[in-house]
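Student: I would like to learn how to read a structure that is new to me, one feature at a time. Could you give me the general idea first and then the case at hand?

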Amino acid sequence: MKCLIRFVGKADFTHDCATSLCASFGSPVFTVDGLLVGICFDNRGAVRAYKVQSIIQHVQKIQTQIKSKVQYFEIFCNQ
């Protein structure tokens, strides 16, 4: 079964690849070659998925913030 990408935004896209009503909650989206390209998060008529690259960027941002806070507390607590 071929699926179509309906809309591509900066961080997400919509598609018609849903296999069940619960496909919007963490289901992976793969290319025909098996490459992970998104994670579904919403299903209100059109299934929306976050792009893998936007997920990576968000995780990197969180990691940077956590490292910064850890460094602050290490300095603060060792005084």
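Tutor: Let us begin with burial, where a residue counts as buried under 20% relative accessible area, as exposed over 50%, and as partly exposed in between. Because its relative accessible area is 26%, Asn43 is partly exposed. Please keep in mind throughout that this is a predicted model.

Student: Where in the fold is Asn43 found, and how far is Asn43 from Asp16 in space?

Tutor: Asn43 belongs to strand E4, which covers residues 36–43. Although 27 residues separate Asn43 from Asp16 in sequence, their C-alpha atoms are 9.9 Å apart in space.

Student: How should I read a strand such as E4, and with which strand does E3 pair?

Tutor: The general idea is that side chains in a regular strand alternate between the two faces of the sheet. As for pairing, strand E3 (residues 28–30) runs antiparallel to E4, and the two are joined over three bridges. One of the bridge pairs can be named, with Pro28 facing Ile39 of E4 as its partner. The hairpin of E3 and E4 has five residues between the strands, and there Gly34 takes a positive phi near 90 degrees.

Student: Which strand pairs with E4 over five bridges?

Tutor: That strand is E5, made of residues 47–51, and its pairing with E4 is again described as antiparallel. Within this pairing, Asp42 has Arg48 in E5 as its bridge partner. The hairpin that E4 and E5 form has three residues between them, and Gly45 in the turn has a positive phi of about 95 degrees.

Student: How do I read salt bridges, and how many does a search of the whole structure find?

Tutor: A salt bridge requires a side-chain nitrogen of Lys or Arg within 4 Å of a carboxyl oxygen of Asp or Glu, and the search finds two of them. One joins Asp12 to Arg48, with the closest N and O atoms 2.9 Å apart. This pair links distant parts of the chain, since Asp12 sits in strand E2 (residues 12–15) and Arg48 in strand E5, 36 residues apart. Arg48 also forms a salt bridge with Asp42, where the closest N and O atoms are 3.8 Å apart.

Student: What does helix H1 show us about Ser54?

Tutor: Helix H1 spans residues 52–77, and Ser54 lies within it. With 15% relative accessibility, Ser54 falls under the cut-off and so counts as buried. Its side chain reaches the backbone oxygen of Ala11 at 2.9 Å.

Student: Which residues make the nonpolar surface patch?

Tutor: Tyr50, Ile55 and Val59 make this patch, whose area is about 230 Å². Val59 has its place in helix H1, and because its relative accessible area is 40%, Val59 is partly exposed.

Notes: Residues numbered from 1 in each chain as written. Predicted model: local features only at pLDDT ≥ 70, side-chain atom pairs only at ≥ 80, totals over all residues. Heavy atoms only, no water. Helix = DSSP H or I, 4+ residues; strand = E, 2+ residues; numbered from the N terminus. Buried < 20%, exposed > 50% of the residue type's maximum accessible area, 1.4 Å probe, protein only. Polar contact = N/O pair within 3.5 Å; in protein donor to acceptor, adjacent residues only side chain to side chain. Pairing = 2+ DSSP bridges. Patch = residues over 30% accessible without salt bridge, like charges linked within 9 Å, V, L, I, M, F, W, Y side chains within 5 Å. Areas by Shrake-Rupley, 256 points an atom, 1.4 Å probe, with all protein chains shown as cover.
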